[in-house]
Amino acid sequence: MLQKKSVLARLLANENVTVQQGNYPTASFDVVNRVLNLPNWKDMSSDLYDLLVGHEVSHALHTPSDPKVLNIPNVPFSFVNVVEDIRIEKMIMRKYPGLVANFTRGYDELLEMDLFGIKDKDINVMPFMDKLNIKSKGRAAVEVEFTDEETPYFEKAMAVETFEDVREVVLEIAAWLRSKNEDIEEVSTSQDHPQPGDEDENAESMPGMPSEENTDNDSDQNGQGISSDEQGEDDSESSPSDSDEESDEDGDDETKQPSNGAGSDIHSIIKEASDDVDDLDEVATDMAQHENESMLVESGNKIFARGLTRQEFKDYTTSYSDVLESRINQIMDMQGRFGNSMHNKVLESWKEFEKSSKPVVNLMAKEFEMRKAAYRTKRARTSTKGSIDVNKLHAYKYDDNLFKQVTTLADGKNHGLMMLVDYSGSMSTVMPKVIKQTINLVMFCKRVNIPFQVFGFTSARQDRHSNDRSVTRFDGDQLSLIELYSSKMSKKDLEFAMYSHYIQAIEPWYFQPRLEQLGSTPLNAALMAMKYAIEDFRKNYPVDKMRLVTLTDGDSDSVRYRDGKDVEDVPYGWETPVVTDVNGKMVELKTSYHYSRENTAKILKAVCGNDITAVNFFLADNRSLKQEMWTVFHTDYDAKDEALKKLRKDGVLVLDNVDGYDCKFIIRDNTKAMSAENEDLEVAEGATPAQIAKAFKKFSGSKKGNRLITKKFTEIIA
């Protein structure tokens with residue numbers, strides 16, 4: 001949602017404004033830095049979201065940012081806010097007529113929520129500014145009656161076009177309301193202080209009332225009903241206005257608009273630019289709106305953290321050209337230390353590996369092509385009408401099919417493969433097998449013409465902590481994405497990439513390029529980054545069936561985030577859930593390592609959606625296998641035992657819909673199923689027929705796991 005509204009805000013503003021979501025109490029626009037701050041709103045309708053974004057963008061476009069311009073002396077800030085809202089909403093809807101319906105339906109929702117605090121109240125007996133505020137926002141959805149005296153001011157407020165018009169209207173309204181208050185005070189004063197001869201005959205006995213004699217003297221001295229000194233005493237003793245003013249001042253302190261840390265959002269500027277006014281009340285419905293906007297914000301027991309940005313994805317990624325350059329330097333260093341002897345040994349081994357890999361790759365390609373052909377045949381359509389086949393006219397009495405038939409085969413789907421390989425330290429013992437399997441997979445993709453991209457993921461070697469504290473963000477600074485293979489590679493680069501990668505498999509102690517050193521397991525950060533990798537991939541290739549494959553031997557590192565200024569006044573603890581934007585979806589993550597697998601499933605769902613198939617190859621040692629069996633089967637011991645038997649027999653256990661993956665392959669790290677090479681059939685010289693049969697059975701069994709992986713994997717890919 002945030003991604004879509006970021007685009008909406010930029011389009012509405014006609015500029016590349018920054019849109020960031022944070023732990024703010026309400027939406028605001030930083031007019032100096034051109035940043036639209038959006039709170040972590042609850043799930044709400046698209047209309048209400050468009051209303052809130054459009055309103056703030058229009059403030060950014062049309063409301064002056066200079067407090068001196070906004071300063072309207074002796075006018076409450078809510079007066080300015082109400083009339084200015086009328087102007088800026090009118091202007092944004094005039095520019096983008098499609099927003100009219102969104103604003104109408106959005107304000108209907110806000111009225112239903114009682115955001116303005118008018119539930120069970122008669123709006124027609126409320127002060128004029130409240131009636132103006134509700135009518136201007138609710139429009140046809142609310143019926144508000146204006147008196148003949150109020151109507152001209154209502155029409156003037158609704159007709160404002162410039163901020164100068166706003167200034168003139170609020171000054172005129174304020175002057176009119178003051179004159180009404182003075183008339184009321186005069187009537188009240190005449191009732192409280194009757195003329196001589198009209199007072200009650202018992203007035204002398206009432207405490208605090210001046211005598212007739214004193215009144216005459218006061219009139220002579222000051223030309224007033226009472227002296228200035230006695231007026232002060234009278235005010236302090238009996239005037240209700242003082243206590244009202246004190247309560248108003250206290251109320252102002254409680255209802256000040258928060259600056260949200262921006263320091264220059266529109267509502268703060270309007271308030272700061274307005275002088276304190278004692279004789280006119282603030283607009284109660286406007287104050288209630290800004291106080292009640294917290295109803296729209298997600299519960300305070302959660303923290304919002306900005307997800308990985310595209311710029312961070314670029315910063316964390318090492319391109320394949322840099323990887324190959326690093327390997328060239330490593331090869332030159334190895335040759336300098338060992339001469340050509342090691343190089344010749346590696347080259348000979350590579351040729352043998354290529355030769356042994358061909359049957360495996362061919363098997364995968366054959367399986368893939370068969371499934372593609374089955375897909376096309378199953379969806380083939382044969383026409384039963386069209387041009388008459390003259391060669392069948394003689395059979396018209398017993399055959400209704402006289403038309404030429406045309407069979408149309410369904411178009412095959414375009415496939416694409418994205419792969420993440422775990423480069424954590426715990427993978428060191430199985431990395432040679434992993435590298436060989438990865439090379440085979442790349443050979444397969446090249447063989448059947450599937451576009452592909454393979455990344456290794458590990459922790460960064462350098463400190464990349466950003467000093468940006470504008471908003472709380474997901475911490476991916478430790479992520480390092482290494483582009484190992486890509487369809488964009490030339491034939492020469494791809495061959496060298498596979499060869500130099502293979503060297504790491506057979507000489508891991510002597511050949512370890514700096515960029516590919518093993519670290520930790522930031523899987524969740526890598527998956528979040530895949531959003532941008534997949535976007536770029538799909539721009540380059542017209543992919544219908546996208547597959548995301550991960551190869552890991554454990555769970556991801558725990559989720560971390562970095563505090564921003566938006567949480568300075570927000571109470572939270574280390575167990576507080578973190579709501580993060582992942583691919584435009586709000587995902588609630590937990591920072592404890594125990595929830596890493598749960599976090600992975602949520603991120604996968606957000607990144608992959610319904611059109612990307614997620615597959616995991618999980619390499620398990622004895623310890624991680626026990627943990628995996630417990631996590632998957634819990635106390636279902638019968639199912640667990642059956643799964644272990646199958647794993648021991650086939651070397652691989654295939655599970656569907658586990659941990660956010662559509663398919664999960666659990667493979668023992670020491671099994672021959674991880675080998676990417678075909679074993680030779682070994683038969684001793686002079687072996688009997690029984691011994692030959694036994695050797696062949698063993699040979700076939702050793703290939704079963706590999707064939708199972710091949711068959712199941714190509715089924716998923718196809």
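## Close-up views: salt bridges, sheet and surface

R597 counts as buried because its relative accessibility is 14%. Buried means under 20% relative accessible area, exposed means over 50%, and partly exposed lies in between (1.4 Å probe, protein chains only). The model is predicted: local features need pLDDT of at least 70, side-chain atom pairs count only at pLDDT 80 or more, and totals for chains, interfaces and linings use all residues. Residues are numbered from 1 along each chain as its sequence is written, and side-chain values use heavy atoms, leaving out hydrogens and water. D555 forms a salt bridge with R597, and their closest N and O atoms are 3.0 Å apart. This pair links distant parts of the chain: D555 is in the loop between β12 and β13 (561-562), R597 is in helix α20 (residues 596-608), and 42 residues separate them. A salt bridge here is a side-chain nitrogen of Lys or Arg within 4 Å of a carboxyl oxygen of Asp or Glu. Helices (H or I, at least four residues) and strands (E, at least two) are DSSP runs, numbered from the N terminus. D555 has a relative accessible area of 29%, so it is partly exposed.

**R310 and E535 link two helices.** Side chains of opposite charge can pair when their charged atoms come close. R310 and E535 form a salt bridge, with closest N and O atoms 2.9 Å apart. The pair links distant parts of the chain: R310 sits in helix α14 (residues 310-316) and E535 in helix α19 (residues 523-540), 225 residues apart. R310 counts as partly exposed because its relative accessibility is 25%. E535 is partly exposed too, with a relative accessible area of 25%.

**R473 and D477 pair under cover.** Both residues are buried. Their salt bridge has closest N and O atoms 2.9 Å apart. By the salt-bridge rule, the count comes to 27.

**Eight strands form an open sheet.** The order is β5-β11-β9-β8-β12-β16-β18-β17, with mixed pairing. The edge strands are β5 (317-318) and β17 (652-658), and each pairs on one side only. Two strands pair if DSSP finds at least two bridges between them.

Strand β8 (residues 415-422) runs parallel to β12, over seven bridges. M419 has V549 as its bridge partner in β12. H415 has K545. β12 also pairs in the parallel sense with strand β16 (residues 612-620), again over seven bridges. Here T550 stands opposite N616. Strand β12 (residues 545-552) is mostly covered, with seven of its eight residues buried.

**Strand β11 meets β5 and β9.** Two bridges join β5 to β11, and these strands run parallel. T318 has I482 as its bridge partner in β11. Strand β9 (residues 452-459) pairs with β11 in the antiparallel sense, over seven bridges. Q453 has S486 as its partner there. In strand β11 (residues 479-486), eight of its eight residues are buried.

**Negative charges gather on the surface.** D636, D638, D641 and E642 make up this patch. Patch residues have over 30% relative accessible area and no salt bridge; like charges are joined within 9 Å, and nonpolar side chains (Val, Leu, Ile, Met, Phe, Trp, Tyr) within 5 Å. Asp and Glu count as negative, Lys and Arg as positive; His and the chain ends are not counted. A charge is placed at NZ of Lys, CZ of Arg, CG of Asp or CD of Glu. Areas come from the Shrake-Rupley method with a 1.4 Å probe; for residues, only the protein chains shown count as cover. D641 lies in helix α22 (residues 637-650). D641 counts as partly exposed because its relative accessibility is 40%.
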